[in-house]
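This briefing is meant to be read with the sequence and the model side by side.

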Amino acid sequence: MTDVRRIEAGQAPRDDADAGRDAAVDLSTVLAGVELPNPILTASGCFASGPEIDRFYDVEQLGAIVVKSITLEPREGLPTPRMAETPSGMLNAIGLQNPGIDAWLDNDLPWLQGKGARVVASIAGKTVADFREVARRLRHRAGIVAIEVNLSCPNVDHRGLVFACSPTASAEVITAVRREVDVPVLAKLTSDVTDVVSVAQAVVDAGAHGLTLINTVLGMSIDPDTGRPALSNGYGGLSGPAIRPIAIRNVHQVHQALPETPILGCGGVRDVTDVVQFLRAGASAVSVGTTTFVDPFAGQRLIAELRRWMAERGITSVSELIGAVHPWT
Amino acid sequence: MASRAGTMQGRIGTDDPVQASCEVLARRREGAYWLLSIACPSIAERAKPGQFVNIAVGGFGTLLRRPFSIARVSKQGVAAGTVDVVFDAHGPGTDWLTTVSVHDVVDVVGPLGTPFPLPQRKVACLLVGGGYGVAPLLYLAEELTRKGLRVDMIVGAASQERILSQIEAKRLTASVTFTTDDGSYGVHGRVTDVLEEVVENCHSGVVYACGPNPMLRAVSERCKEMKLPVQVAVEEHMACGIGVCFTCVMPMRQKDGTVRMKRSCIDGPVFNGARIAWEATRFDVGPPLLVEPEEAEAPPEVRPSEADLWGES
């Protein structure tokens, strides 16, 4: 049999000859005041709460773990089919299936605390009061370094319109959450708006410490033979490399308008060059989502690849890359 | 991702899944289906019947891995460390997989999922397979036989050419009953049309099933009526296969009567069929097959002569 290269758990593959040069690279970054050992995070909804991927590698190596969105009440989510593959991407409509904040605090958080992971708690809700109550219950919890507010939820008090599509509604949620929390707040925005900068400005004015850009892009796929939508929900969120250029544009646009606002870049990150693109566009860190579905080791791999990529170019600090996009003229 | 054949990434000394670059040892037709045999020692030594592997595929615009039930593993002998899967080409990913050549390298994650639970006491086991769903049941049959248990089988398919591994099924079991939707082989009908009779004749104490979800629903509902334990390996659209995306859920009735969405890739694919809330799924059993009763031929009125029987000599 061919040689089996056994890689011990917790060790990214590396070549000893390059170890010294790689060691000179400082991958640490600061996101909305939170110090992280590296800029590779998970994307909400693409990592469950951690133990599933910990079967492959020690997940506390990640810069931070953005967990699947937590709601006040437990949710079972939508019926299947919940997923459809599309060119270089996929659509999903899960319906925020999660155990609810109380069960999450009892079961999921202690596991993450035991691992010593840095946790970004993603929260979702149907009303402003829902968001606020979930945020309140997350107070004084060890391991939680930030809260990400998933604003791409239908607002039941406003005809089911998605919070993130309205600067006012988004700001209301952030104001309410800010009253409760003791850690920095990231507002996760959607690209499905006419002017993302106006929504970004509104949530920053409401007290968001940073932004996550972007959530999935609303899409649809139809079975040509049956005439049925590919998803039981009809519409779903498009993710994967297909949306990467849209995400990069959003990060760049917001960073140009609000250069002081920290950004967590998200959308279609697959390789180290994608990470670098997001950093250059203005992100302080990046979230990896759909790629984990294809490559369970994606987070660990990207940390190693980024270190190598920077070392090969003599770049010693992530901060050298953040916002480093140069005009043609 | 690792690319050289033989490389693997994962935890050592556990049953946890690994990611491995595997050499293709064989790719051939298996009746109406395809068989892929790959060199995967780290997966072969961890695998159990009912589990699956998730294979990265090429082809235009494909992004996600494709899940395949493990049909056979070889842990000993000259073929040690191989994993076989059987599949039907019905999309760009599986079409691409029919084009790989021997010595090509494929990227595989596995073994994944919860395997079939094995009986803790002596009991006759009935395995019910539909189409290429028979493949993982042959792997299960080997395990059950090794434990000294009696194994009987019902194999169903749309037509004769879509019956998988007839000879293998006969070799591994005490009895096999074949059914086809069009009557081209075995009993004209569906697996559930013969289920009760086979259970009675073979004194089956447990049923294991794998095949299309509507078939699994029908088998589960019949077994529930007969108060017979039933374990089914389901098939649902899967993005990740490793428990993080929540796309492949099945509604499972809990002891307190509530229905919870459970992930087929990590809580399954093997579930207690009687506890699946089938009415909350899109999988209908469908109308029964209309099988025209064959008219009994009238007995000949006169005995044939030697000349009638053998022809003029």
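Two residues are said to be in contact here if their C-beta atoms, placed from the backbone, lie within 7 Å. The model is a predicted one, and on that definition of contact, 37 residues from chain A and 39 residues from chain B take part where the chains touch.

**Where the chains touch**

- On the side of chain B that touches chain A, at least two residues each are supplied by β1 (8–9), β2 (18–30), α1 (41–44) and β15 (259–263) of chain B.
- The residues on this side of chain B comprise 20 nonpolar, 12 polar and seven charged ones.

**Chain B as a whole**

- Chain B contains seven helices and 16 strands, and its C-alpha trace spans about 80 × 60 × 40 Å along its principal axes.
- The radius of gyration of chain B is 22 Å, which agrees with the value near 20 Å that a compact globule of 313 residues would have.
- Of the 313 residues in chain B, 48% are buried.
- When contacts in chain B between residues at least 6 apart in sequence are considered, 63% of them join residues at least 24 apart.

**Helix α8 of chain A and its surroundings**

- Helix α8(A) is mostly covered, since seven of its 10 residues are buried, and these buried residues are A:D274, A:V275, A:V276, A:Q277, A:F278, A:L279 and A:A281.
- The buried residues of α8(A) pack against several elements of chain A, namely α7 (244–257), β15 (263–266), β16 (285–288) and α10.
- After α8(A) comes A:G282, a residue with a positive phi, near 130°.

**How α8 and α10 of chain A pack**

- Helix α8 (residues 272–281) and helix α10 (residues 298–312), both of chain A, pack with their axes 9 Å apart and at an angle of about 70°.
- Because angles of 65 to 115 degrees count as roughly perpendicular, α8(A) is described as roughly perpendicular to α10(A).
- From α8(A), the residues that make this contact are A:V272, A:V275 and A:V276, while α10(A) brings A:L302, A:E305, A:L306 and A:W309.
- The residues of the contact between α8(A) and α10(A) divide into six nonpolar and one charged, with no polar residue among them.
- An α-helix has 3.6 residues a turn, so residues three or four places apart point the same way.

Definitions and conventions:
Residues are numbered from 1 along each chain as its sequence is written. Chains are lettered from A and ligands numbered from 1 in the order in which they are written. This is a predicted model: local features need pLDDT of at least 70, side-chain atom pairs count only at pLDDT 80 or more; totals for chains, interfaces and linings use all residues. Helices (H or I, at least four residues) and strands (E, at least two) are DSSP runs, numbered from the N terminus. Ala, Val, Leu, Ile, Met, Phe, Trp, Tyr, Cys and Pro count as nonpolar, Asp, Glu, Lys and Arg as charged, and the others, Gly among them, as polar. Axes are lines fitted to C-alpha atoms, for helices over the stretch in contact, and angles run from 0 to 180 degrees between N-to-C directions. Angles under 35 degrees count as roughly parallel, over 145 as roughly antiparallel, 65 to 115 as roughly perpendicular and the rest as oblique. The radius of gyration is taken over C-alpha atoms; the globule rule is 2.2 Å times the number of residues to the power 0.38. A residue is buried if 20 or more other C-beta atoms lie within 10 Å of its own, exposed if 12 or fewer, and partly exposed in between; C-beta atoms are placed from the backbone.
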